[in-house]
Amino acid sequence: MPDELIVVLVILGVFLVIGLILLAANVKVIRQTEKGIIERFGSYRTTWGTGIHIMVPFFDRLAHRIDMKERVADFPPQNVITRDNVTMQIDTVVFFYVTDPKLFAYGVSNPIKAIELLTATTLRNVIGELDLDETLTSRDVINDKIRMILDAATDPWGIKVTRVEVKNILPPKDIQDAMERQMRAEREKREKVLLAEGQKQSAILIAEGNKESMILNAEAEKEATIRRAEGEAQKLLEMKKAEADGIRMVRQAEADGISAIKAAGADQAVLTIRGYEALKDISDGKATKIFMPSELNKISNVACAVAEAVKESKGTN
């Protein structure tokens, strides 16, 4: 093989190797969450999206790879002063993402540092309008104010601030001690109030129980009195009924006796003789004492009354 041909092949091989090296150096892969900023001769040319791209050797340059995912920036505590001149430390967390890769690449030299400084100044301005108590109890208000201010300020940088969180608030030591004493006093106050409420409720329940017990006892006594009165009334009614039945029976017996006497034509003399005869029969014996039963006396009285009634009836006739 001639020497000239060998030299030509070597030169072609060198160029081929150099071409392959240049091709490999200018083939770029942009991942899913990235954007590529391409510069030509130091000026912005285009923005690459996801995929494989080939740059023009010696002309184009991949100047920036911009991460499009949402980022979290945790900044160190900042010394701030409240409206009532209380110095405290507050640290914040900022959530943001890139909306325009070109503005993010060329809008500010160090976007993260710029957001940190802007957050610190905004935080001082917002806290300076609040006193200590409002600062401790108005975190949502502080977060919203800082987020709106940062979002408006970072818009020319191609950044969207989605959320700002006040992570920690550290008052001075004496303020913390005073707050702890206040909280302890509040807890003791709530404890005493709850204890007093419990005692009050207990006394009310006891009084209501006694009241209900007295009411029930009074109702029971009333019911017993009513039942006793009803029993007495029933007893008296039965007694009166018995007396009425007795009177009715006596009157019936008197009427029957008068009728029998009239039917027999007996008068008082006959009745008297009959009575003496009965006494004679009773006394006919060896007994020295005669006991006349009360029933006999009653019968005699009834007989006399009947005789009187017969006599009067004859006199009228």
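Select Arg-65 to begin: this residue is partly exposed, its relative accessible area being 38%. The model in the viewer is predicted.

Glu-34 belongs to strand S2 (residues 34-40) and Arg-65 to strand S5 (residues 60-67), so the pair, 31 residues apart, links distant parts of the chain. Glu-34 has a relative accessible area of 9%; because this is under 20%, Glu-34 counts as buried.

Now include Arg-31, whose side chain meets that of Glu-34 in a salt bridge of 2.5 Å, N to O. The selection now shows a network of salt bridges linking Arg-31, Glu-34 and Arg-65.

Keep strands S2 and S5 in view and select Arg-40 with Asp-60. The closest N and O atoms of this salt bridge are 2.5 Å apart. Arg-40 is in strand S2 and Asp-60 in strand S5, so the bridge ties together parts 20 residues apart in sequence. Asp-60 is buried at 8% relative accessibility, whereas Arg-40 is partly exposed at 26%. Across the whole structure, a search finds 14 salt bridges.

Select Arg-184 together with Arg-181, Arg-187 and Arg-190 to display a patch of positive charge on the surface. Arg-184 is partly exposed, at 40% relative accessibility.

Of its 317 residues, 21% count as buried. The chain exposes about 22,500 Å², of which carbon and sulfur atoms supply 59%.

Key: Residues are numbered from 1 along each chain as its sequence is written. This is a predicted model: local features need pLDDT of at least 70, side-chain atom pairs count only at pLDDT 80 or more; totals for chains, interfaces and linings use all residues. Side-chain values use heavy atoms; hydrogens and water are left out. Patches are made of residues with over 30% relative accessible area and no salt bridge: like charges are joined within 9 Å, nonpolar side chains (Val, Leu, Ile, Met, Phe, Trp, Tyr) within 5 Å. Accessible areas come from the Shrake-Rupley method with a 1.4 Å probe; for residues, only the protein chains shown count as cover. A salt bridge is a side-chain nitrogen of Lys or Arg within 4 Å of a carboxyl oxygen of Asp or Glu. Lys and Arg count as positive and Asp and Glu as negative; His and the chain ends are not counted. The place of a charge is taken as NZ of Lys, CZ of Arg, CG of Asp or CD of Glu. Buried means under 20% relative accessible area, exposed over 50%, partly exposed in between (1.4 Å probe, protein chains only). Helices (H or I, at least four residues) and strands (E, at least two) are DSSP runs, numbered from the N terminus.
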